[in-house]
Amino acid sequence: MLKKEPEKFYELLAQVWQEVRLNPYQLLKLLVGEKTTLPVEMFADTVFFSLDPVKDAELILGPGLVYRCQGGQWSNEVYWPSGRQRQLLANFMHEFDRLSRQAFKQGRALKEKDLPPAFKQAIVQGIADYQEILIERARPKVKINLAILDQIRSDAAETKESLLTEEERQLEAEEAEKITSESNKQVSESSAAEEKMTKDIDETAASGLGLDENEEQLLLALFSGQPYQDFLRQRHLLLSVVVDQINEKIFDEIGDAVIDCNGQKAEIVEDYRSDLADLLGIEEK
């Protein structure tokens, strides 16, 4: 693969190396080494004198080689290889070569070499992941020109309109009128509910709980079982935020949260309903 498709080879190797790097058994330390910092005496065999010696510095010569000076003392940050690194890395690359030939059916078969199971599993998984990537690349991509969608819809509507009979046009008109009537009814009911809540707010505004208009309106809606979703949506309010504000302000009076909320739905805690009615000055039926 390296000779025939070098770009694919390096992509595959990178995918396998990623599996090694993310392995919880620290396989990378065994293959490459462990990063460590060692003291070093710079220019030990050189005779020179500096009136202004280096006190602090950092020289990055590469990803795995860094020299630092702190307070005039130099140190070297390097990867220190493990005792098995030389043989382990060679066997790892041999098995990577063998298994990739086997998976992609290229070249002659190689003999298996000794390698711990965790390393072989990382190679097998990396090859499988790369094969999935190649399959995804090979799938045909459908490109949709969004710029002409409006024109397509318009043409389709005109075609549909030209094919309608007079009876079908009459049925569509009646259906549209029915939908409009139901929509107006819902708006009317929502407005009536909001007016009733507003009336209740005026009567209990002097409750002394420190609630603002939005908080009082939600509290009274929950107390009386009235809908509150449209009210919150129109004022761009989050249910959980308003509930938290109400609970916080009433906590001193009740000593506990009076509203339960799961983020989507809220309700008055039944144990505190009578106490809350007294605070709001509401007579329950």
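This is a short talk on how some parts of one protein structure pack together.

Hi everyone, and thanks for having me. Before we start, please keep in mind that this is a predicted model.

Let's begin with the nonpolar cores. The largest one has 24 residues, and the members that touch the most other members are Leu218, Leu219, Tyr228, Ile250 and Ile259.

Now let's zoom in on the largest core. If we set aside residues up to four places away in sequence, Tyr228 touches Leu218, Ala221, Leu222, Leu239, Lys265 and Ala266. Next, find Leu276, which sits in helix 10. Is Leu276 buried or exposed? Its relative accessible area is 0%, so Leu276 is buried. What does Leu276 touch, not counting residues up to four places away in sequence? The list is Leu219, Phe223, Ile250 and Ile268. Take Ile250 from that list: Leu276 and Ile250 are 26 residues apart along the chain, and their C-alpha atoms are separated by 9.1 Å.

The charged end of Arg273 sits over the ring of Phe223, at 4.3 Å from the ring's centre.

Let's stay with rings for a moment. When we describe a pair of aromatic rings, we give the distance of the centres and the angle of the planes. How many aromatic pairs does a search of the whole structure find? It finds five. One of them joins Phe9 and Tyr10: the centres are 5.2 Å apart and the planes are at 80 degrees, so this pair is edge-to-face. Phe9 also pairs with Phe96, again edge-to-face, with 5.7 Å from centre to centre and 65 degrees between the planes. Here is the part I like to show on the screen. Phe9 is in helix 1 (residues 6-22) and Phe96 is in helix 3, so their pair ties together parts that are 87 residues apart in sequence. Both of these phenylalanines are buried; for Phe9, the relative accessibility is 14%. Through ring pairs, then, Phe9, Tyr10 and Phe96 are linked into a cluster.

Why does Asn91 count as buried? Its relative accessibility is 9%, and the cut-off for buried is under 20%. So what is around this buried side chain? A polar atom of the Asn91 side chain lies 3.0 Å from the backbone oxygen of Asp114. Leaving aside neighbours within four places in sequence, Asn91 is in contact with Lys113, Asp114 and Leu115.

Ser100 counts as buried at 7% relative accessibility. Its side chain reaches two backbone oxygens: that of Phe96 at 2.8 Å and that of Asp97 at 3.0 Å. Not counting residues up to four places away in sequence, Ser100 touches Leu12, Lys105 and Ile127.

Lys105 takes us out into a loop, between helix 3 and helix 4 (117-138). Lys105 has a phi near 55 degrees, which is a positive value in a residue other than glycine. At 73% relative accessibility, Lys105 counts as exposed. Where else can we find a positive phi near 55 degrees? His236 has one, in the loop between helix 8 and helix 9. His236 is exposed too, with a relative accessible area of 72%.

Last, a quick word on cysteines. The count of disulfides comes to zero. Cys69 counts as buried at 2% relative accessibility, whereas Cys261, at 31%, counts as partly exposed.

Conventions:
Residues numbered from 1 in each chain as written. Predicted model: local features only at pLDDT ≥ 70, side-chain atom pairs only at ≥ 80, totals over all residues. Heavy atoms only, no water. Core = buried A, V, L, I, M, F, W, Y, C linked by side-chain atoms within 4.5 Å. Buried < 20%, exposed > 50% of the residue type's maximum accessible area, 1.4 Å probe, protein only. Contact = heavy atoms within 4.5 Å. Polar contact = N/O pair within 3.5 Å; in protein donor to acceptor, adjacent residues only side chain to side chain. Phe/Tyr/Trp six-rings, centres within 6.5 Å; stacked < 30°, edge-to-face > 60°. Helix = DSSP H or I, 4+ residues; strand = E, 2+ residues; numbered from the N terminus. Lys NZ or Arg CZ within 6 Å of the ring centre and 35° of its normal. Disulfide = S-S within 2.5 Å.
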